[in-house]
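Welcome! Please have a look at it before reading on.

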Amino acid sequence: MTTQATPAPALRRNGFTFKQFFVAHDRCAMKVGTDGVLLGAWAPVENARRILDIGTGSGLIALMLAQRTSPDCAIDAVELDADAAEQARENAGASPWAERIRVQAEDIHQVARDNPARYGLIVSNPPYFEPAVACRDAARTQARYTGTLSHDALLACAAALLEEGGLFCVVLPYEIGERFITTAQSGGWHPARRVEIRDRPGKPLHRMLLALSRTPVTPVTEALALRDEAGNYSAAFRQMITDFYLFY
């Protein structure tokens, strides 16, 4: 008796097909990319019963965290750009976790000021370019540049919304991540976990996954190469994405 292989999901246009959900991103300034996937696959979810995604964009990270968490974990996703927020809302509504993800088209400053909820985990793939030469596209400028959300302001919002013992996690270019840590420490944050990322062994570090705590902890640092010497995805990265990427 022969068995037939399960057919792969049909690939759709204007977005990215994952094993359990689809992310449309044609109305979002920032498309699905490795940074968001890394944060969504890595952020520590073990003790979180309520999660906040700041600057959700297409909703990618919120969806990945919904897949990784139990049915009683609620996820709020905040996005300033109205078009992106609507697309994130549609993506969440079409996913298996529609009842657990709430997308708000709001400014995180207002959320931090008015929202009584507190979160065990807050995540963000934040803007990181200093305002200089703006993009021609206003939405992309907003998503990529810190003019509307400085790192000081982002940290202050996270501090206002994080519950005691919770974690605030970000993904940043490595050198900017080092500066972000300095800024965070001056505001009373403590590095809890970090992953230093390079494209392949021997290459310069280019990304950082970082978890911050409001209480002192013993920091843990790990290293990750996305590819091996031959240019293929490394075993460690494949392990991170195996529940999400097709064909892995």
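Which residues does Arg 27 touch, not counting residues up to four places away in sequence? They are Asp 81, Asp 83, Ala 84, Glu 86, Gln 87 and Glu 90, where contact means heavy atoms within 4.5 Å.

Before we go on, a word about the source: this is a predicted model, in which local features need pLDDT of at least 70 and side-chain atom pairs count only at pLDDT 80 or more, while totals for chains, interfaces and linings use all residues. Residues are numbered from 1 along each chain as its sequence is written, and side-chain values use heavy atoms, with hydrogens and water left out.

Arg 27 sits in the loop between strand E2 (22-24) and helix H1 (34-42). Helices (H or I, at least four residues) and strands (E, at least two) are DSSP runs, numbered from the N terminus. Arg 27 counts as partly exposed because its relative accessibility is 34%; buried means under 20% relative accessible area, exposed over 50%, and partly exposed in between (1.4 Å probe, protein chains only). Although 55 residues separate Arg 27 from Ala 82 in sequence, their C-alpha atoms are 9.8 Å apart in space.

| Helix | Buried residues |
|---|---|
| H1 | Asp 35, Gly 36, Val 37, Leu 38, Leu 39, Gly 40, Ala 41, Trp 42 |
| H2 | Leu 60, Ile 61, Ala 62, Leu 63, Met 64, Leu 65, Ala 66, Gln 67 |

H1 has eight of its nine residues buried, so it is largely enclosed by the rest of the structure. Eight of the nine residues of H2 are buried, so that helix is largely enclosed too.

What about the nonpolar cores (sets of buried Ala, Val, Leu, Ile, Met, Phe, Trp, Tyr and Cys residues joined through side-chain atoms within 4.5 Å)? The largest has 47 residues, of which Phe 18, Phe 21, Leu 39, Ile 101, Leu 121 and Cys 169 touch the most other members. Helix H2 (residues 60-68) gives this core its largest share, seven residues. Another core, of 30 residues, lies apart from it and includes Leu 52 and Ala 158.

Beyond four places in sequence, Asp 53 touches residues including Ile 61 and Ala 62.
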